Amino acid sequence: MSEKVVTRFAPSPTGFMHVGGVRTALYAYLWAKKNKGTFILRIEDTDKEREVLGSVEHIMECLDWLGIKEDEGPSADGPNGPYIQSERLEIYKKYAQILIDKGLAYPDPYTEDEVNEFREQTELAGKPFLYREHRLEKFEEWHGAVPLRFKVPEIKSYHWHDVVWGDLSAGPEALDDFILIKSDGYPTYNFAHIVDDIEMGITHVMRGQEFISSTPKFLAIYEALEIEPPAFVTLPPIMAPDGKKKLGKRDGAKDVLDYKRDGYLPETMINYLAMLGFNPGGEKEIFERDELIEIFDLNKIHRAGAKWDDEKLDWMNKEHIKMLSTLELEENIFKYLPEDLWNPKIVPLITERISKFGDVKEMFERGELDYFYKTPEYAKAKLIYKDTAVDRISQNLSQSLDALSKLDEKDFTKENIKNSLMQIADKLKNRGELLHPIRFALSGLDKSPDPFIIAEILGKNETLARLQKAI
RNA sequence: GGCCCUAUCGUCUAACGGUUAGGACAUCGGCUUUUCAAGCCGGUAAUCCGGGUUCGAUUCCCGGUAGGGUCACCA
């Protein structure tokens, strides 16, 4: 195949995007980029009833967040525009006319109710319904107020090749006279996407396996138009984590932007999504964008569906967080914190205990970060130390206070603090009798990061003040 | 129900007919340590069932079972 690769992502604006849609976009994007081809975004808004206002903006925001950048689309003009189907109606009419002229398209003589009646009757008889069995001998001329149907030129089986699934076939019963243009003047998906794919020079069509059974329809249209179909690349479904259903909006599939709000990195989403339905072989599984483009291979796309796993996503996000620079960490973490806590020194402490940046907000809301900017209350002290000798503990704290006050302001580092406190602690039979109270004095918490680091972050004055107060 | 498709640890997966069936997540245990988190080391755990083909099947073929998809003036 020497022609230039052109792929497209063609969502319909019927609500928010979920991970399944994004993965389709990603695969089309990766394949185009790998081949230095073109990735087109096309909006398929031919169903005016299901259309949801704002969906297009939402789709573009998702793709933008993930860095899946289209070469051509509604907001990136190119030679193949317009990129919104409702603005291409004349083009569909032109193709429809070609079919009419060939005698392969005709106006539906029945009302919707009549067709439904046919359908009910045949189903009642236990037979599969085929519209073409009710087709009239002679066609009226089409004036546009009724649906335009495709006339199946030849009742036959279809055999075709799918890049992922291999050789596929379907019997004659899979093909029927289907609607090309609806009575409202908009084309159906079955017709519009083919016209667009032809006009835009699409070479590879990525889409979910729900379209496999309608492939004979597509092939029949290509045949009727005497045009070679593109390569079909059918993607496996993403399954819901519980149960075995395809992950859809009804099964709790989240809005992709929820992952953004929760503080997942776009790099993680791309990495995870790429590996859900594709595997390059080998044992590496953390990949950056450029690496994904490099390794992506249509022959290694899976056929069976894979379940969505939030835990693995969290793990992968941690791995990507580890790859961030100090500056990037600060940006991401401070976004979720009040200005009082914009202290670069607490960043490493937070980083090692989150899997996504939204966790920072929760830590803050649970009060786990209060001690960095508020003097703790020691109300719980009696609860914690009720069985231990309170006198001995305050004695130990006093000793610590003395030792630390001897440290110079500029030497007030975690190493020095540790050294001087450990000298005291080692003399006790139980280090915990000093170290735990210190932690508590500084943080007001039972569980916290290393108290020496906390002391360094608080600084000498605050540290001493808190020890004093605790005593 | 008809048609199409899929099947390896709980989960994601690797193994172009010959491997002690490998890795990752999760889980369990240990180490480290002042607690938590992190980190390091290790353990448990899989070829859906039944027939073939073959010297030899996770791998190829057939059947069963289970699961998915689809049968619209939706995409």
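## Nonpolar cores

How many residues does the largest nonpolar core have, and which of them have the most contacts inside it? In this predicted model, the largest nonpolar core has 56 residues, and those with the most contacts inside it are V22, L26, A28 and L273. Helix α1, which covers residues 19-34, gives the most to this core, contributing ten residues. Apart from this core lies another one, of 25 residues, including I346, L434, I438 and L467.

For V22, once residues up to four places away in sequence are left out, the residues touched are M17, C62, L66, V256 and L273.

## Overall form and domains

Chain A has 19 helices and eleven strands, and it is divided into domain 1, residues 88-235, and domain 2, residues 375-470. The centres of domain 1 and domain 2, taken over C-alpha atoms, are separated by 77 Å.

The radius of gyration of chain A is 32 Å, whereas a compact globule of 471 residues would have a value near 23 Å. The C-alpha trace of chain A spans about 105 × 50 × 40 Å along its principal axes, and 33% of the 471 residues count as buried. Among contacts in chain A with a separation of 6 or more, 75% are between residues 24 or more positions apart.

## The surface near RNA strand B

RNA strand B is surrounded by 62 residues, of which the closest are K182, Y189, E210, A304 and A306. The elements that give two or more residues to this surface are α4 (112-124), β6 (166-170), β11 (306-307), α10 (310-322), α17 (432-443) and α18 (451-458), and the largest share, four residues, comes from α17. By residue class, the surface near RNA strand B divides into 24 charged, 20 nonpolar and 18 polar residues.

## Y264 in its loop

Y264 lies in the loop between α7 (256-261) and α8 (266-275). Is Y264 buried or exposed? Y264 counts as buried because 24 other C-beta atoms lie within 10 Å, and the threshold for that class is 20 or more.

Not counting residues up to four places away in sequence, Y264 touches Y259, M269, N317 and K356. Y264 and H159, by contrast, are 105 residues apart in sequence and lie 43 Å apart in space, C-alpha to C-alpha.

Key
Residues are numbered from 1 along each chain as its sequence is written. Chains are lettered from A and ligands numbered from 1 in the order in which they are written. This is a predicted model: local features need pLDDT of at least 70, side-chain atom pairs count only at pLDDT 80 or more; totals for chains, interfaces and linings use all residues. Domain bounds come from an automatic or database domain assignment. A nonpolar core is a set of buried Ala, Val, Leu, Ile, Met, Phe, Trp, Tyr and Cys residues joined through C-beta atoms within 7 Å. A residue is buried if 20 or more other C-beta atoms lie within 10 Å of its own, exposed if 12 or fewer, and partly exposed in between; C-beta atoms are placed from the backbone. Two residues are in contact if their C-beta atoms, placed from the backbone, lie within 7 Å. A residue is near a molecule or strand if its C-beta atom, placed from the backbone, lies within 6 Å of it. Ala, Val, Leu, Ile, Met, Phe, Trp, Tyr, Cys and Pro count as nonpolar, Asp, Glu, Lys and Arg as charged, and the others, Gly among them, as polar. The radius of gyration is taken over C-alpha atoms; the globule rule is 2.2 Å times the number of residues to the power 0.38.
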